[in-house]
Amino acid sequence: MLAGLRLLSALVLAVALSSQADALFVRRDAAPITLPFARRVNATGAAKLLKIDQARAKALKSRAKAGTPNSRLTAISNVPASNQAVDYTTTVTVGSQQFELLIDTGSSNTWVGSRGGFAGTDNTQDTGNLVEVVYGSGFVLGEQVIDDITLGDGLTIKNQSFGVALLSQGFDDVDGIIGIGPVDLTADTLIPDEDATVPTVTDNAFSQGLIDAHEIGISFQPTTSVGNLNGELTFGGTDPSKFTGPLNFVPITSTSPANEFVGIDQTITYGSADGTTVLPATSGITDTGTTLTLLATDAFTVYQNLTGAVPDDNTGLLRLTPDQFANLQSLFFTIGDNTFEFTPNAQIWPRALNTLIGGTPDFVYLIVNDLGSLSGEGLDFIDGMTFLERFYYVFDIANSQVGFATTPFTDALTN
């Protein structure tokens with residue numbers, strides 16, 4: 001598939017270079033900035049969801065192994081996001097158009113146009129590059145352009161470079177992606193300028209003096225309804241109203257390939273912090289673009305045996321009986337010097353949303369699942385959206401560290 005995309009990219013690039021006059025896109029003081037967001041529904045069901053998450057994990061590992069990832073306003077910007085059951089999206093104004101973009105710390109390219117063209121403005125500039133990113137669940141091939149991007153009501157980033165899709169697959173329910181991971185993940189995504197990286201929206205907001213801190217705070221919340229505007233991105237700082245305990249930071253892991261992402265080291269036990277070891281100390285990543293919480297196959301087998309859960313044919317998730325759920329114990333994630341309790345309720349899919357993923361009402365499905373590879377590969381877990389919903393999460397780019405704090409939803413019985 002990659003070879004085919006490269007060939008297609010070369011053909012499209014030849015067309016672009018043959019006529020620079022005809023750009024490929026169709027012209028149609030100091031507080032954090034907050035952007036709200038919502039959770040997005042994916043009606044394809046959890047069986048496919050698990051396969052998509054596993055394919056994404058495989059693509060992340062493959063990308064890293066291949067050496068490719070594929071006037072001042074306020075200093076902090078809070079941006080709303082919508083909870084849509086499978087992942088989180090936010091509304092972004094690109095040029096003069098609004099797009100619903102998936103929020104992704106596991107990639108760093110921002111692009112639009114999967115459900116319709118970008119009309120462009122008088123300020124839109126052609127970079128002379130194509131952009132190509134392959135994800136586990138699809139791909140995008142498009143033209144790389146420059147224009148202004150506005151996040152929320154007040155954070156306008158000038159001259160942001162982003163992609164405009166010419167071809168895409170796997171993104172029928174969103175308009176594209178806002179990539180907020182490490183900038184090095186954009187290396188080798190431009191054609192022909194393969195050695196260049198593309199500064200993220202966070203990078204540019206900081207370099208343009210729109211935010212005072214080179215970091216982003218992320219607040220997710222569990223929900224029992226879809227399209228709930230209950231998430232928030234805070235550019236340039238954190239939102240103390242969203243967390244209850246202290247923020248605890250750990251450095252980005254030094255272990256490859258997890259160190260190319262928002263990667264951390266952690267240990268997982270069952271029952272108590274000193275309980276049965278599920279996953280010994282190892283490296284993995286935090287990722288808003290992965291829905292489930294995925295463990296290396298050997299660790300997942302331990303977890304399944306401890307819970308007594310069985311695979312559910314309709315959803316692909318593990319299923320518990322009511323008695324098994326009553327006896328389910330907490331998982332304990334030790335990250336740095338701190339241990340975070342992941343309660344029994346946090347380990348299950350919201351029962352009010354079971355039918356949206358092909359499940360049966362009132363059944364109990366677990367959100368912990370199989371990464372699809374054994375431990376020892378340097379990326380042995382993905383703490384996905386369902387984990388991050390229970391903790392406040394900070395990607396401190398300037399200091400190469402990740403922060404976590406408890407929230408009012410850490411112990412909630414929402415699910």
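I began with the aromatic side chains and found that Phe333, Phe340, Phe342, Phe387, Phe391, Tyr393 and Phe404 make up one aromatic cluster. This is a predicted model, in which local features need pLDDT of at least 70 and side-chain atom pairs count only at pLDDT 80 or more, while totals for chains, interfaces and linings use all residues. Residues are numbered from 1 along each chain as its sequence is written, and side-chain values use heavy atoms, with hydrogens and water left out.

I noted 14 aromatic pairs in the structure (rings of Phe, Tyr and Trp, the latter by its six-membered ring, with centres within 6.5 Å; planes under 30 degrees apart are stacked, over 60 edge-to-face, the rest tilted). I looked at Phe243 and Tyr392: their ring centres are 4.8 Å apart and their planes at 40°, so this pair is tilted. Phe243 sits in the loop between strand S13 (228-235) and strand S14 (248-251), and Tyr392 in strand S25 (residues 391-396), so the pair ties together parts 149 residues apart in sequence (strands are DSSP runs of E, at least two residues, and helices runs of H or I, at least four, numbered from the N terminus).

Of its 85 residues, Leu151, Leu233, Phe235, Leu331 and Phe404 touch the most other members. A second, separate core has 13 residues, among them Leu102, Phe171, Val174 and Ile177.

I then traced an open sheet of three strands, in the order S18-S19-S22 with antiparallel pairing (two strands pair if DSSP finds at least two bridges between them). Strand S18 (310-311) and strand S22 (364-366) are its edges, each with a single partner strand, so one side of each has no neighbour in the sheet. Strand S19 (residues 318-320) is joined to S22 by three bridges, and Leu318 stands opposite Leu366 in S22.

Last, I followed an open sheet of seven strands, ordered S21-S20-S15-S16-S24-S17-S23, with mixed pairing. Three bridges join strand S17 (residues 293-295) to S23 in parallel, with Thr293 opposite Val368 in S23.

Notes:
Core = buried A, V, L, I, M, F, W, Y, C linked by side-chain atoms within 4.5 Å. Buried < 20%, exposed > 50% of the residue type's maximum accessible area, 1.4 Å probe, protein only.
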